[in-house]
Amino acid sequence: MPDPYAWLQNSLLTIHRADWYRSVQTIQGRAGATVVLGGQEVINFASNDYLGLAGDERLIEAAVAATQEFGTGSTGSRLLSGHRELHGELEKAIASWKQTEDALVFSSGYLANIGAIAALVGKRDLILSDQYNHSSLKNGAILSGATVREYSHCEVGELKTQLLEQRQNYRRCLILTDSVFSMDGDLCPLPALLDLAEEFSCMLLVDEAHATGVMGKTGAGCVEHFGCTGRQLIQIGTLSKALGSLGGYVAGSHTLIDYLRNRAPSWIYTTGLSPADTAAALAAINIARQEPQHRMQLWHNVNYLRELLLEIPNLKLLPSASPILCFQLSSPSQALQVGKQLKQAGIFAPAIRPPTVPTSRIRISLMATHKPAHIEKLVAVLLDIN
Ligand code: PMP
C-alpha cells in the first residue's frame, strides 16, 4: 500500500523550491528592544511589543501575584469553572478604554476573530473583506459559511459597487477590515467604511490588533484616531501586542457581547484566559492609559526612523501610518538575503514573503523602548547593504 503521508515530503519540497519555507528562531532572555537570537545579541525590530510592556516589571509582578493567588490555569471554559473576577475586571477595563458598553475576552485575538465572525453570519449572508486582511479574519469568514467577496485593498469605491450589486441578495452583510494592516502598516479608511455600513445596513467589524495601545489620543485604537468613538461597530483586538500579554477581545454593545457569550464557539468551548495573562493585560491597560509617555516615545521613534529611511536612495518604503515600516524587495530570495545580512550585522528585522504578503519585504516594527542608537544602527546597516 502507498504511504498515505508521503505527500507531506513532496509538499515541503515545493515550499522550499519557492523560497517559502519557514522555521522558528529561538529568542533567549526577556522580551525587549534588544534580545539574544541564536546566541547573538540583536536589536529587535521584529516584535509587536510596541510599548515595551512585555518585559515591564509591573506586568510580571501582576502575573506572578495572580498565579500565586489563583494558580496557573483557569481550569475550564468561562461558562463552566474558568471564569474569575479578574476576567470581569479586564473586560470592564477594555470597555471603559474603548468607550463601548461591554467587552468579551477570548484566549487569543485569532479566536476572537473566528468566533465572532462565525457567530455573526452564516449561509444566507454576505461578507465583504479587504484583500489584505489578517488570516484570522479570512479564516473566520470561511468558517462562517457566508458568501465571501474580497475588495481591493482600501478601495471604498469598489466596496460600494459590490454593495450596490449584491447587498439586496443577502440577509445580513458583514464588512471586515484590519484597522492597521499588519504587513504594510497603513490604515483602513474607517470613516468611509462606517458610512457605507450605515448606508447599506451592514455590520462592520474592525480588527484593532495593531492599533490598540498605539493609535488615538488615549491609545484606544484607530476608532479613536479617526474620531469614530461611539459609532455602531464591532471592535476586535489582541492583548498580545502593545499590551504585552496574551488573549483577544471583542468590544461593542451589551447585546453583541451577550449574544457572543451564547453563540461564539471559540469562546464557549475553550479554556478561559490564564490568571497570569489576564492580570498582566489588566496591568498593561492601566499603564497604557495612565502613562502616555510610552506612546509618545513610540511615535517619536517612528517619525525619526521614517525620516532617516526616506533618505536612503532606492529604498522602496511602503506607505505607512503606524509603527510598522516596510520596504519592498524584488523577490523572496532577495528579501531573505537582506534579512540575513541585517541579522549578521546585529539587526533582527524579518523578511516577509508570499504567501503571507503579495510582494516580498523587510518588516520593521518599532517599540517605545528603542533608543536613538538602535534606530541609527539599523539605518547605517541598511545604507551599507544598499
Ligand atoms: N489580527 C491581526 C491583524 C493580527 O496581526 C493578529 C496577530 N498576528 C491577530 C489578529 C491574532 O492575534 P493573536 O496573536 O492574539 O491571536
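These notebook entries record what I looked up in one predicted model.

**Entry 1. Domains**

I began with the domain assignment, which gives domain 1 as 26-55 + 292-385 and domain 2 as 57-290. I then looked up the spacing of the two domains and found their C-alpha centres 26 Å apart. The contact between them takes 21 residues from domain 1 and 19 residues from domain 2. On the side of domain 1 that touches domain 2, I noted helix H12 (293-310) and strand E12 (324-328) as the elements that give two or more residues. Of these, E12 gives the most, with three residues. I also sorted this side of domain 1 by class and recorded 14 nonpolar, four polar and three charged residues.

**Entry 2. The open sheet**

I next traced an open sheet of four strands, whose order is E1-E2-E3-E13 and whose pairing is mixed. Its edge strands are E1 (27-28) and E13 (347-348), each of which pairs on one side only. I checked how strand E3 (residues 40-44) meets E13 and found a parallel pair joined by two bridges. Within that pair, Asn 44 has Phe 348 of E13 as its bridge partner.

I turned to strand E8 (residues 203-207) and asked how many of its residues are buried. The count is five of five, and the strand is thus recorded as mostly covered. Both faces are covered: I listed Met 203, Leu 205 and Asp 207 as buried on one side, with Leu 204 and Val 206 buried on the other.

I then looked up the pairing of E8. Strand E7 (residues 173-178) runs parallel to E8, and five bridges link the two. Among the paired residues, Thr 177 has Val 206 of E8 as its bridge partner. Between E7 and E8 the chain passes through helix H7 (residues 190-199), and I recorded this β-α-β crossover as right-handed.

E8 also pairs with strand E9 (residues 234-238), again in the parallel sense, over three bridges. Here Asp 207 has Ile 236 of E9 as its bridge partner. Asp 207 is also one of the buried residues that I listed for E8.

**Entry 3. The ligand shell**

Last, I looked up which residues surround the ligand. I found 14 of them, the closest being Ser 108, Gly 109, His 134, Ala 209 and Thr 238. By class, I recorded ten polar, two charged and two nonpolar residues around the ligand.

Note on methods
Residues are numbered from 1 along each chain as its sequence is written. This is a predicted model: local features need pLDDT of at least 70, side-chain atom pairs count only at pLDDT 80 or more; totals for chains, interfaces and linings use all residues. A residue is near a molecule or strand if its C-beta atom, placed from the backbone, lies within 6 Å of it. Ala, Val, Leu, Ile, Met, Phe, Trp, Tyr, Cys and Pro count as nonpolar, Asp, Glu, Lys and Arg as charged, and the others, Gly among them, as polar. A residue is buried if 20 or more other C-beta atoms lie within 10 Å of its own, exposed if 12 or fewer, and partly exposed in between; C-beta atoms are placed from the backbone. Two strands pair if DSSP finds at least two bridges between them. A crossover is right-handed if, with the strands pointing away from the viewer, the path from the first strand over the helix to the second runs clockwise. Domain bounds come from an automatic or database domain assignment. Two residues are in contact if their C-beta atoms, placed from the backbone, lie within 7 Å.
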